[in-house]
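Here is a short tour for someone meeting this structure for the first time. Keep the 3D view open and follow along, one stop at a time.

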Amino acid sequence: MKVRTRFAPSPTGLLHIGGARTALFNYLFARHHGGEFVLRIEDTDRARSTREAVQVILDGLDWLGLKPDEPTVFQTSREARHIEVAMQLLAEGKAYRCFCTPEELQTMREQAIAEKRPPRYDGRWRDRNALEAPEGVKPAIRLKAPREGEVVLKDLVQGEVRVKNAEMDDMIILRSDGTPTYLHAVVVDDHDMGITHVIRGDDHLTNTFRQIQIYDAMGWEKPEFAHIPLIHGADGAKLSKRHGAVSILEFREQGFLPEALCNYLLRLGWGHGDAEFLNRDEQIQLFTLEGVGRAASRMDYAKLTHLNGMWLRQADDARLCRDVVERLAKAEVTVGTAAMQRILLLMPGLKERAKTLDELAASSAFLAREVPLVFEPKAEALLNLEAKEMLARLIPVLEAINFESEAIDVALRAFAEAEGRKLGQVAQPLRASLTGSTMSPGIDATLIALGKDETLKRIRAVAT
């Protein structure tokens, strides 16, 4: 049997971090077993589903590198099949028409709450003759669920879980307007699409017991279920905006690499020994559901940021250069061909200090700016009169040498000795004059990236 998993989000909002982790787990599980991963957009809530939300989901999965093996399936396109199955259950006496009015259902609910009972449908139309139906009321179709016994779920993460059938009512599978409900449509789709493993958040655990009743009524083989714990904030509360970014594209905008985010999400609730830094191939090789814990995970943005810095240092320089140029353009910093070459040349040093692409872009911006530079307060403080006079004396020294690392190092050390200064006392004002800040990669690398002409131009702009 070929393993087939699915990610089935509802397009009613952003793709959140929990959904992204669910997609990742489904993808890795399928790949680990040589199976297939598919995407189904569960858009049965037509009032809230939007094209924009669908595109956000597609963009987010594409950015994370979680590519489905088949074209995306939209649940609404399968409505006729959902209705067909509901009518089959009705014809076989496994479902029935319920003519309760909205007012009756509300009264039923209020009475249950007043009596401190769970607000469940009382089954009043379960065995009643449809000829008794009131005029003008369109019926919903409800599943005639078992009332005796229990549903036993052997969950691949949660272990064995049992729920008595008496605790569940006869759920609606077709609404009174003829549209299928989400719980019914999911079962039909998973069966028809040959899904072998349903891996989703444990907030769906209650739904699963209801859905098993549909599988049993149809005589269909059930998939394996794995309900993974949710992601909470560092304080243990439900993850929300107050904790930081929660949607996938927010993380992208804030400068996180997709491979870093996937690496972090994998380790958020799953473990394999001491393994921390895992590329995609290693993730596929190692991932099993046995490694998923049962407790809720806590989002640690500091740890994610640290991991992102590790991935930045591993990333290809040309790729990072393209990302930086794009971010600088959004910040209205024009990057010409010369500036792009400078950024690429200095990237090995720049990425050692950065933890996000935003930080990397900020530290690269000086390479694209024109003189006169805008100086940070600390850099401006370094460029006092004495420092400016010293820089003026440095100009002919730099004019006389080739701009390569060893020559620059020798020249700066000799100049510092002649000035009776430590190397840092020369390098720091020089760095400030070239970058507008007090931080940059090594001074020789910075000079080489700027080139002799641009270096001298910037020094002259501040030297006295």
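## Helix α6, wrapped up

Bear in mind that this is a predicted model. Start with α6: 12 of its 14 residues are buried, so this helix is largely enclosed by the rest of the structure. The buried ones are Leu-205, Asn-207, Thr-208, Phe-209, Arg-210, Gln-211, Ile-212, Gln-213, Ile-214, Tyr-215, Ala-217 and Met-218.

How far does α6 reach from its first C-alpha to its last? Helix α6 runs over residues 205-218 and reaches 21 Å, close to the 20 Å expected at 1.5 Å a residue. Just after α6 comes Gly-219, which takes a positive phi of about 70°.

## Helix α1 and the glycine after it

Helix α1 (residues 17-32) is mostly covered too, with 12 of its 16 residues buried. As for length, 16 residues at 1.5 Å a residue should span 22 Å, and the end C-alpha atoms of α1 are 22 Å apart, which agrees.

After α1 you meet Gly-34, with a positive phi near 65°. Gly-34 sits in the loop between α1 and β2 (36-41). Is Gly-34 buried or exposed? Its relative accessible area is 53%, so Gly-34 is exposed, the cut-off being over 50%. For a sense of distance, the C-alpha atoms of Gly-34 and Ala-407 are 56 Å apart, and the two are 373 residues apart along the chain.

## Where α8 meets α10

Two packed helices are described by the angle between their axes and the distance between the axes. For helix α8 (residues 258-267) and helix α10 (residues 301-314), the angle is about 135° and the axes are 9 Å apart. That makes α8 oblique to α10, and α8 passes α10 in a right-handed crossing.

Which residues make the contact? From α8 come Glu-259, Ala-260, Leu-261, Asn-263 and Tyr-264, while α10 brings Lys-303, Leu-304, Leu-307, Asn-308 and Trp-311. Sorted by kind, the residues of this contact are 6 nonpolar, 2 polar and 2 charged.

Most residues other than glycine have a negative phi, and most peptide bonds are trans. Glu-332 is not a glycine, yet its phi is positive, about 65°. You'll find Glu-332 in the loop between α11 (317-330) and α12 (337-353). With 74% relative accessibility, Glu-332 counts as exposed.

Pro-372 lies in the loop between α13 (357-364) and α14 (377-382).

Last stop: Thr-455, which lies in helix α18 (residues 443-462). Thr-455 has 0% relative accessibility, so it counts as buried. What is Thr-455 in contact with, leaving aside its neighbours within four places in sequence? The contacts of Thr-455 are Leu-398, Phe-403, Leu-434, Leu-447 and Leu-450.

Technical notes. Residues numbered from 1 in each chain as written. Predicted model: local features only at pLDDT ≥ 70, side-chain atom pairs only at ≥ 80, totals over all residues. Heavy atoms only, no water. Axes fitted to C-alpha atoms, helices over the stretch in contact; angles between N-to-C directions. Helix = DSSP H or I, 4+ residues; strand = E, 2+ residues; numbered from the N terminus. Parallel < 35°, antiparallel > 145°, perpendicular 65-115°, else oblique. Left-handed = near helix turned anticlockwise from the far one by under 90°. Contact = heavy atoms within 4.5 Å. Nonpolar A, V, L, I, M, F, W, Y, C, P; charged D, E, K, R; others polar. Expected span 1.5 Å × (residues − 1). Buried < 20%, exposed > 50% of the residue type's maximum accessible area, 1.4 Å probe, protein only.
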